[in-house]
Amino acid sequence: MGSAPCSGKGRGVGGLQELGCMPWKVSKQKGNEEGAASGPEREEGTGERRDAVVPAATPPPPAIYHEKQRRELCALHALNNVFQDGAAFTRDALQEIYQRLSPSTLVTPHKKSMLGNGNYDVNVIMAALQTRGFEAVWWDKRRDVGSIALPNVTGFILNVPSNLRWGPLRLPLKRQHWIGVREVGGVYYNLDSKLRSPHAIGTADDLRKFLRHQLRGKNCELLLVVPEEVEVHQTWRSDAS
């Protein structure tokens, strides 16, 4: 049987001691005094002082900005996720770019974006990047991603087929969807705005495997987001001379 708990109700310190219980404050002070009297530990046989080893603090995980899907603004979310800044681009800024683009400059026809609901194409993304001194390099899928000089690339934007949803229901239809990928704290992350949270891809080798897998799919395109000078000198290529 376990011992019955000691109750101090109606008893003084002496009563507690008679029952074999010591008041918490007295016990705590006694322990502190004993620790203070003992001083630092010393190596046995040497008399040298041995300081206590304090374990190194674990660094906190890096903060990752992950913008979630709203309307058909996946291009906006992909841009902000690549730049890790929710204020990098706004819907109004992308809408203004869309409205000023001339049809003669379009790589592909625009979707219906007149109401500012999103669904922007690659032309808007390219023009938006240029406002911040960056360029989008359209990756030739005939080349292997092993030739990408990853340290010179700020991030990646992929255009992939994605299931349409009506509320919680997944429809048997697909539409092209923009997703952002970049490195944060030494780890590459899939920052797809349709994900509940960032998905860790892993190392540079893991990233190359991820990109190869995506590019094997039908209707998938890859953009490299690079600073202007990297695009000018083609240093996004590891085989650049």
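Author: Buried means under 20% relative accessible area, exposed means over 50%, and partly exposed lies in between (1.4 Å probe, protein chains only). This is a predicted model, in which local features need pLDDT of at least 70, side-chain atom pairs count only at pLDDT 80 or more, and totals for chains, interfaces and linings use all residues. Residues are numbered from 1 along each chain as its sequence is written, and side-chain values use heavy atoms, with hydrogens and water left out.

Reader: Why does Phe-210 count as buried?

Author: Its relative accessibility is 15%, so Phe-210 goes into the buried class, given the cut-off of under 20%. You'll find Phe-210 in helix α6, residues 204–215. Helices here are DSSP runs of H or I with at least four residues, strands are E runs of at least two, and both are numbered from the N terminus.

Reader: What does Phe-210 contact, leaving aside its neighbours within four places in sequence?

Author: Leu-158, Val-181, Asn-190 and Ile-201, where contact means heavy atoms within 4.5 Å. Phe-210 also has its C-alpha 10.0 Å from that of Val-145, although the two are 65 residues apart in sequence.

Reader: Zooming out, how many helices and strands does the protein have, and what share of its residues is buried?

Author: There are 7 helices and 8 strands, and 35% of the 241 residues are buried. Among contacts with a separation of 6 or more, 56% join residues 24 or more positions apart.

Reader: What makes you say that α3 is largely enclosed by the rest of the structure?

Author: The count of buried residues does: 10 of the 10 residues of α3 are buried, so the helix is largely enclosed. (Ala, Val, Leu, Ile, Met, Phe, Trp, Tyr, Cys and Pro count as nonpolar, Asp, Glu, Lys and Arg as charged, and the others, Gly among them, as polar.)

Reader: Which residues join α3 to α5?

Author: Ala-75, Leu-79 and Phe-83 of α3 meet Ile-125, Ala-128 and Leu-129 of α5. That contact divides into 6 nonpolar residues, with no polar and no charged ones. The two axes come within 10 Å and cross at roughly 35°.

Reader: What makes a set of residues a nonpolar core, and which residues have the most contacts inside the largest one?

Author: A core is a set of buried Ala, Val, Leu, Ile, Met, Phe, Trp, Tyr and Cys residues joined through side-chain atoms within 4.5 Å. The largest has 28 residues, and those with the most contacts inside it are Leu-79, Leu-94, Ile-125, Leu-129, Ile-157 and Trp-178. Elements giving it two or more residues are α3 (74–83), α4, α5, β3 (134–138) and β8 (221–227). A second, separate core of 23 residues includes Val-145, Ile-201, Val-226 and Val-230.

Reader: What stands out about the phi of Gln-84?

Author: The phi of Gln-84 is positive, about 55°, although the residue is not a glycine. Most residues other than glycine have a negative phi. Gln-84 lies in the loop between α3 and α4, and its 22% relative accessibility makes it partly exposed.

Reader: Why is Asn-219 called partly exposed?

Author: Its relative accessible area is 46%, so Asn-219 falls in the partly exposed class. Asn-219 is in the loop between α6 and β8, and it too has a positive phi, near 60°.

Conventions:
Axes fitted to C-alpha atoms, helices over the stretch in contact; angles between N-to-C directions.
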